Amino acid sequence: MRHLLSGLLGLTLFCTAACQSTETDQQQEGEASTPVTTVDTTPKQIMHLALTDTLPYPIVEDFDDLAPIFSRTDDKIYVINFWATWCAPCVEELPYFERLAEETNPEEVEIVMVSLDFRRDVRTKLWKFIKNRPFDLPVIALTDSKTNVWIDKVDPEWGGAIPITIVYHQDKRLFIAEQFANYEELATAVRSFQ
Amino acid sequence: MKIVSLLRSLAPMMALVALFSCQNATTENTDATATESTEAVSKTVSHTTEDADMTGVKVGDTAPAFNLKNIDGDMYSFDNIKDANGNTPKGYVVTFTCNTCPYAVMYEDRLIDLHNTLSPMGYPVVAIQPNDPEIKEGDNFANMQQRAEEKGFPFLYLMDEGQTVYPQYGASRTPEIYLVDADLVVRYHGAIDDNAQDAEAVTINYVEKAVEAINNGQEPNPADVKAVGCSIKAKKI
């Protein structure tokens, strides 16, 4: 029953998003002043990170504040993707994550898209890009410039190129250092945890 | 998944190439063992980090040789590259970079400065473009020539034709540096400096620091620094 409800909620959200995307730019610009529907659906936080300003995603300046998302011990499968609007292969594989969000139960599979967009772009270019996507994936913008420190904390195997994806469930963990060629590859990776 | 497995299965091949090119003394037996263990790992779901660096070279390893075409049409290798004074270099700042990656572009001016500083000291920048131009048209030979002219690149800008060189180095992103000394040993690997997004905010230029260490007869410290970059675009098989 709970699944059905969240499924329905997901469907409603999807429809809302789909309808919104067909609206004109003018209406989108007016979104901030008419938040009647968005108030109920916009999350107040992404994972443990509270939303503190007008953006629907947190901006994390210190990797240590993000670190807890890689070591949750509850029963969910976590899918964490590192991407950026400037990264062509990352944008190419976004639809696979959007589809995964549609086809899985958020109570079972939680997806987080960690953006490595440039500091100067996280309030402008990134926000504009996300607004124009058909489906709202949870995004966290990471702007910590101490890459040499935090890349190894994500995974010592990672050289720093994006995209990468981490799928984990408690102690079981998969590090995928390449773009997914298709949706099935991503779905298979997630299914291996179910 | 397929990609990971594919990479894993390529790893022993690359390792073999590296072994044959740098360490002729290694026996075939050792190679065979390495191949088997890597394949075994590729079948497991949770990857351990022990198998992570099967490909490419690390600091202390011999830099793989190359013979690549520069934007002026001439072929260049460690044998015929000269420094700013026309002398045999004391070392080479081998830099995998390209036209199309925003991170690489952010470093263009700094790479020019780096060459202008280090080449007179005997350490010329040798830029290598590793992306498959069929995937990234902006990185094809004509566009490399055009970008080099626009920016006035003072360094060699070589095309990794057929993408044979970057896998031997184990390069995974642009930009990525391998500082190679006169004995062709990799002495430093990784980032150019400690702030990609803001040249003004840089506090450490790792490459210049490493060259200084080598000149003083010391080991560069740090010798390996990770940074964010664009994945190298490998030919789709």
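## Disulfides

Two disulfides are counted over all chains in this predicted model. A disulfide is a covalent bond between the sulfur atoms of two cysteines. In chain A, C87(A) is joined to C90(A), with an S to S distance of 2.1 Å. The link of C87(A) and C90(A) is right-handed, with 75 degrees about the S-S bond. C87(A) and C90(A) are both buried.

In chain B, the disulfide is formed by C101(B) and C230(B), whose sulfur atoms lie 2.0 Å apart. The torsion about the S-S bond of C101(B) and C230(B) is about 80 degrees, so this disulfide is right-handed. The pair links distant parts of the chain, 129 residues apart. C101(B) sits in the loop between strand 3 (91-96) and helix 3 (102-106) of chain B, while C230(B) belongs to strand 10 (residues 229-231) of chain B. C101(B) and C230(B) are both buried. C98(B), by contrast, takes part in no disulfide; the nearest cysteine sulfur is that of C101(B), 5.1 Å away. The relative accessibility of C98(B) is 2%, so C98(B) counts as buried.

## Chain B as a whole

Chain B has seven helices and ten strands. Its length is 237 residues, of which 48% count as buried. Contacts in chain B between residues at least 6 apart in sequence join, in 73% of cases, residues at least 24 apart. The accessible surface of chain B is about 10900 Å², and carbon and sulfur atoms account for 51% of that surface.

## Salt bridges within the chains

Side chains of opposite charge can pair when their charged atoms come close. Over all chains, the structure holds 17 salt bridges. One of them, in chain A, pairs R133(A) with E98(A), the closest N and O atoms being 2.8 Å apart. R133(A) lies in the loop between helix 6 (125-131) and strand 6 (139-142) of chain A, and E98(A) in helix 5 (residues 88-103) of chain A, so the pair ties together parts that are 35 residues apart in sequence. R133(A) and E98(A) are both buried.

In chain B, the side chains of D132(B) and K235(B) form a salt bridge at 3.6 Å, N to O. D132(B) is in the loop between strand 4 (125-129) and helix 5 (141-151) of chain B, and K235(B) is in the segment after strand 10 of chain B, so this pair ties together parts that are 103 residues apart in sequence. The two partners fall into separate burial classes: D132(B), at 6% relative accessibility, counts as buried, whereas K235(B), at 43% relative accessibility, counts as partly exposed. The cut-off explains the first assignment, because buried means under 20% relative accessible area.

R173(B) and E176(B) also form a salt bridge, with their closest N and O atoms 4.0 Å apart. Both of these residues, R173(B) and E176(B), are buried. Elsewhere in chain B, E108(B), R147(B) and E150(B) are joined into one network by salt bridges that share partners.

## The interface between chains A and B

The size of an interface is often given as the accessible area lost when the parts come together. Chain A and chain B bury about 2600 Å² between them, with 59% of this area on carbon and sulfur atoms. In chain A, the residues that lose the most area to chain B are W86(A), N148(A) and E157(A), which together make up 21% of what that side buries. The contact involves 35 residues of chain A and 30 residues of chain B.

One salt bridge is counted between chain A and chain B. The side chains of K226(B) and D152(A) meet in a salt bridge, 2.6 Å from N to O. Ten residue pairs are in polar contact between chain A and chain B, with both residues at pLDDT 80 or more. Several elements of chain A each supply at least two residues of the side that touches chain B: helix 5, helix 7 (147-154), strand 7 (161-162), strand 9 (172-176) and helix 8 (183-191). Helix 5 of chain A, residues 88-103, also holds E98(A), the partner of R133(A) in the salt bridge described above.

Conventions
Residues are numbered from 1 along each chain as its sequence is written. Chains are lettered from A and ligands numbered from 1 in the order in which they are written. This is a predicted model: local features need pLDDT of at least 70, side-chain atom pairs count only at pLDDT 80 or more; totals for chains, interfaces and linings use all residues. Side-chain values use heavy atoms; hydrogens and water are left out. A disulfide is a pair of cysteine sulfur atoms within 2.5 Å. Buried means under 20% relative accessible area, exposed over 50%, partly exposed in between (1.4 Å probe, protein chains only). Helices (H or I, at least four residues) and strands (E, at least two) are DSSP runs, numbered from the N terminus. Contact means heavy atoms within 4.5 Å. Accessible areas come from the Shrake-Rupley method with a 1.4 Å probe; for residues, only the protein chains shown count as cover. Buried area is the accessible area (1.4 Å probe) that two parts lose on being put together, summed over both. A polar contact is a pair of N or O atoms within 3.5 Å; within protein, one must be able to donate a hydrogen and the other to accept it, and residues adjacent in sequence count only if both atoms are side-chain atoms.
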